[in-house]
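Please examine the sequence and the three-dimensional structure shown below. The paragraphs that follow lead through them region by region.

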Amino acid sequence: MPTYKLTYFDIKGLGEGIRLILSYMGKDFEDNRIAFATDPTSPWHKLKSEFKYGRLPVLEIDGQPIYQSSAICRYLANEAGLLGANAWENLQIDIIAGSVKDLAAELMAIFRDRNADTKVEKMKVFKEKTVPFYLSIYDKTVKDNNGYLANGKLSWVDLWFVGCAETVEAVVEEPIFDKYTNLKALKDKVYALPNIKKWIDKRPKYRF
Ligand SMILES: N[C@@H](CCC(=O)N[C@@H](CS)C(=O)NCC(=O)O)C(=O)O
């Protein structure tokens, strides 16, 4: 039985989908969390150079580090049975995953902004334009895809999206899942999966 150690920040963000997939697989994993802070004086900045790409999440499998959230998800999904059935189906999953990363990157850019004024302005644009742009696409996609983001069935991108979207919801301080009802149904369905429900019940509570 391989050992799993996930190092990420004490947020959901790009790491929660990995926690959800490992939970779905019924794997025990070490949930190593680092205080989320982006300023140069934070503890993370002392640790950053210890990680090959200076970014998290990093998953260690039997001590072997692997990088890039979506690559990690895809790797685990192979064993979890959460990939598409063929190259075309995997393409549909990757298209959604790539766009979720674009959304996450926009949010990270705001976190990294050291100018208080531009930060407020960028957050306003994120909340009023960026989030509705992506979420209305995903909501319609779920509606047209039998209740899932790709291929009309559960895949790793559903789990990864739900984890990221919870962070977005907390950051914009608006109940986005109430507004986008197809996404709310997707989240409820994912959280009702028995192993995931166990994780949700025991996971640490963080603001985002
Ligand atoms: N492409 C990477 C992006 C990782 C990334 O940007 N992680 C952010 C947190 S969500 C991070 O490590 N930020 C800290 C930093 O850049 O110093 C992935 O998908 O894993």
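By class, the shell around the ligand comprises four nonpolar, four polar and three charged residues. In this classification Ala, Val, Leu, Ile, Met, Phe, Trp, Tyr, Cys and Pro count as nonpolar, Asp, Glu, Lys and Arg as charged, and the others, Gly among them, as polar. The model is a predicted one, in which local features need pLDDT of at least 70 and side-chain atom pairs count only at pLDDT 80 or more, while totals for chains, interfaces and linings use all residues. Residues are numbered from 1 along each chain as its sequence is written.

The residues that surround the ligand are G13, L14, K48, R55, L56, P57, Q68, S69, S70, K101 and M108; a residue is near a molecule or strand if its C-beta atom, placed from the backbone, lies within 6 Å of it. At least two residues of this shell come from each of the helices α1 (13-24), α3 (69-80) and α4 (87-112). Helices (H or I, at least four residues) and strands (E, at least two) are DSSP runs, numbered from the N terminus.

Two members of the ligand shell, L56 and P57, are joined by a cis peptide bond, with omega near 15°. P57 is located in the loop that links α2 (43-47) to β3. Another member of the shell, Q68, has a positive phi of about 75° although it is not a glycine. Q68 belongs to the loop between β4 and α3. Is Q68 buried or partly exposed? With 16 C-beta neighbours inside 10 Å, Q68 counts as partly exposed; a residue is buried if 20 or more other C-beta atoms lie within 10 Å of its own, exposed if 12 or fewer, and partly exposed in between, with C-beta atoms placed from the backbone.

The strands may be followed next. Strand β3 (residues 58-61) pairs with strand β4 (residues 64-67) in the antiparallel sense, over four bridges; two strands pair if DSSP finds at least two bridges between them. Within this pairing, V58 stands opposite Y67 of β4. The hairpin of β3 and β4 has two residues between the strands, and D62 takes a positive phi near 50° there. Strand β3 also runs antiparallel to β1 (residues 4-9), to which four bridges join it. Y4 has I61 of β3 as its bridge partner. On what terms does β1 meet β2 (residues 30-34), and how many bridges join the two strands? They run parallel and are joined by five bridges, and Y8 stands opposite R33 in β2.

The UniProt record, in an unreviewed entry, annotates residues 2-84 as "domain: GST N-terminal". Over residues 2-84 the chain is 35% helix and 23% strand, and the end C-alpha atoms are 24 Å apart. For residues 86-208 UniProt lists "domain: GST C-terminal", again from an unreviewed entry. UniProt positions are given in the numbering used here, feature names are shortened, and annotations may be inferred rather than shown by experiment. Over residues 86-208 the composition is 78% helix and 0% strand, with 35 Å between the end C-alpha atoms.

L183, L186 and V190 are buried in α8. They lie on the same side of α8 because they cover an arc of only 55° around the axis, the arc being that of the directions from the helix axis to the C-beta atoms. An α-helix has 3.6 residues a turn, so residues three or four places apart point the same way. The exposed residues T181 and D188 are carried on the face of α8 turned away from its buried side. Covering the buried residues of α8 are elements including α5 (116-144), α6 (156-172), α7 (176-179) and α9 (194-202); two residues are in contact if their C-beta atoms, placed from the backbone, lie within 7 Å.

Helix α5 contains T141, which counts as partly exposed with 19 C-beta neighbours inside 10 Å. T141 and L183 are 42 residues apart along the chain, and their C-alpha atoms are separated by 9.4 Å. D144 also has its place in α5; D144 is exposed, because 10 other C-beta atoms lie within 10 Å. From D144 to L83 the separation is 61 residues in sequence and 19 Å in space, C-alpha to C-alpha. In the loop between α6 and α7 lies E173, a residue other than glycine whose phi has a positive value near 55°. E173 is exposed, with 10 other C-beta atoms within 10 Å.
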